[in-house]
Amino acid sequence: MSDSPESYEAAVERLEEIIDRLDSGQAGLRETLDLCREGRELVQYCAAELDEVGEGLKELRLDDLAARLDASGAGAETP
Amino acid sequence: MGETVEESRLSPRSAGPGLPGPFAVGRYARKLQEEMRKRARVQLIGEVTGMGRSKVQAYFELRDSEGAIPCAIWLNDLEKAGLSESSLRDGAEVVISGGPDYYPGGGQASPSFSFRATSIRLAGEGDLIARLEALRKQLRAEGLFELQKQLHRPRLPKAIGVVTAETGAARHDLVAGLERRGWGGSVIWGFAPVQDRHAAPAIGRALQDLAARPEVEAIVVTRGGGSLADLWAFCDETLCRTVAMLRVPVVSAVGHERDKTLIDDVAAVACSTPTHAAEAAVPLDCIAARESLERCALALRRAGEGAIGTRSRHLGALARGPARALQRERSTLNQKIREIRAASERGLAERAASQRRIGTVVLERARRRGVERAATALEQERSRSEAIERSAQRSLQRRREALKKAAVALRAHDPERTLERGFALAETAAGEPVTSAEAAAAAAEVKLRFADGHVRARTEGEVERER
């Protein structure tokens, strides 16, 4: 992928623009092929983003995270 | 004395030998007590903390986010209020009536300041609403309601923080809501009490800790329903100021739909239930998004394949174009020729039929005119002959009448008619009338004719003239 999208929202917005342009039938051959390539990259990006939140809820406790942070901080200071 | 106290506090530089006094401190303390007791009696509202009792009175602090006052109430006044010890637990919102007081102490006893309450009651809904409205007005005026709403809320956060009670239905409702959207990111729980005087500071700390974690993209604060007093922690001014200043968007879902706490005003989004909070924290329905993405992928594949397929078909059609165009022209020409031929034949037939129609019409008109003329002439002739006939009849009649008149006239002059009246006619022998005496004398013999016959007569003598 040439430029990674800013966010999922930006990717979806661009993807909708691409589909609209293709559906309009006004894109020439070169533009159509470029749009298809860009669209496929955006689909891959969005799918990867969805995959990241697709494996079930991970529950963490703020206290545990803070304790872990403290422990690692203390460990780093200890020679 | 009040002025002296005020001056010494406000003008430390003027402290020195030039000031009034020195006064005996005991007397000064008594005077201070009198001044305190002169102050207006008022009602105060706040949270009770540190309730304790001696033999004669109960003492506590009345506090809110901006400050506190030590309070005391005689036990008999407290008993009149009829409040149980549990209802005056730390954090209870109460309204007290009374005024400031100062205990000057004594030889052994320590002096102290307190607000002497003469009555105490639990704060009602109305008190809390009035206080909430005042806070709301103040925070709105400071623009704190808008800060959170200006923050960007990602549609698909990877991690969200949640501040709620560890044991509560809200926690499970939120998780169920997230799972229903097909979202399986990270939830970082910042558990905190949600209903006592420790609640607001604990919630505030949890929010700040969660917001400090870089992976957290949104924070949900939630708890179930309750009275306004139960939800009062979420109207805490310090907590609400903390929320307003956070860099991470906060979604609040406190109480039920009818409960509107101050945190709902400052949060980026206020929801009525934990389920709605799940939707607000993760706006993207991941299940629907996956389906939509599949449709996009399919549309792109079709567009890519279609673009080449359609164009190659178009090119093929163009290659076959000239022969097809020639054939098309030829067909067009043949068609035109057939049309011209048919049109000319049709024109001739139409013209002949037209001529025939014209002939028939003209002859018919001429025949009709002839017949009409003959009929007219006949009619005129008939009229004329009738006129002649009528004229002849009239003429005959006239003649008959004239004849009849003539006959009558003639009869009147007939000599026979005269003879019938007794006259006699003298005639010659030859029958010629003798019309004078001369002639009679001359004739010598005359015939006298009467009506019934005649006789012969002789004339004698001469004519004797009539005189």
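Which residue of β4(B) stands opposite Ile45(B)? In the predicted model described here, the position across from Ile45(B) is taken by Val95(B), within a pairing of strand β1 (residues 42-53) of chain B with strand β4 (residues 93-103) of chain B that is antiparallel and extends over 6 bridges. On β4(B), a further antiparallel pairing is formed with strand β5 (residues 112-122) of chain B, and here 10 bridges are found; within this pairing, Val94(B) faces Leu122(B) of β5(B).

Strand β1 (residues 58-61) of chain A runs parallel to β7(B) and is joined to β7(B) by 4 bridges, with Lys58(A) placed opposite Ser186(B). Strand β6 (residues 159-164) of chain B is likewise parallel to β7(B), through 6 bridges, and Val162(B) is set opposite Trp189(B) in that pairing.

The contact between the chains draws on 30 residues from chain A and 30 residues from chain B. On the side of chain B that touches chain A, two or more residues are given by each of α6 (169-180), β7 (186-191), α7 (199-212) and α11 (286-319), and the largest share, 12 residues, belongs to α11(B). By residue class, this side of chain B comprises 19 nonpolar, 5 polar and 6 charged residues.

Helix α11(B) packs against helix α2 (residues 29-52) of chain A, with the two axes 10 Å apart and at an angle of about 160 degrees; because angles over 145 degrees count as roughly antiparallel, α2(A) is assigned as roughly antiparallel to α11(B). The crossing of α2(A) with α11(B) is left-handed. Residues contributing to this contact include Leu29(A), Leu33(A), Cys36(A), Val43(A) and Leu50(A) from α2(A), and Cys286(B), Leu293(B), Cys296(B), Leu300(B) and Arg311(B) from α11(B). The residues of the contact of α2(A) with α11(B) divide into 15 nonpolar, 3 polar and 3 charged.

Within chain B, the axes of α7(B) and helix α8 (residues 237-245) come within 9 Å and cross at roughly 10 degrees, an angle that makes α7(B) roughly parallel to α8(B). This crossing of α7(B) and α8(B) is also left-handed. The contact is made by Ala200(B), Ile203(B), Gly204(B), Leu207(B) and Gln208(B) of α7(B), together with Thr238(B), Leu239(B), Thr242(B) and Val243(B) of α8(B), and its residues are divided into 5 nonpolar, 4 polar and no charged.

As regards confidence, chain A has a mean pLDDT of 84, with 89% of its residues at 70 or more. Among the elements of chain A, the highest mean, 92, is found for β1(A), whereas the lowest, 75, is found for helix α3 (residues 62-77). Where pLDDT is low, the predicted coordinates should not be read in detail.

Terms used:
Residues are numbered from 1 along each chain as its sequence is written. Chains are lettered from A and ligands numbered from 1 in the order in which they are written. This is a predicted model: local features need pLDDT of at least 70, side-chain atom pairs count only at pLDDT 80 or more; totals for chains, interfaces and linings use all residues. Two residues are in contact if their C-beta atoms, placed from the backbone, lie within 7 Å. Ala, Val, Leu, Ile, Met, Phe, Trp, Tyr, Cys and Pro count as nonpolar, Asp, Glu, Lys and Arg as charged, and the others, Gly among them, as polar. Two strands pair if DSSP finds at least two bridges between them. Axes are lines fitted to C-alpha atoms, for helices over the stretch in contact, and angles run from 0 to 180 degrees between N-to-C directions. Angles under 35 degrees count as roughly parallel, over 145 as roughly antiparallel, 65 to 115 as roughly perpendicular and the rest as oblique. A crossing is left-handed if the near helix is turned anticlockwise from the far one by less than a right angle, and right-handed if clockwise. pLDDT is the predictor's confidence in each residue, from 0 to 100.
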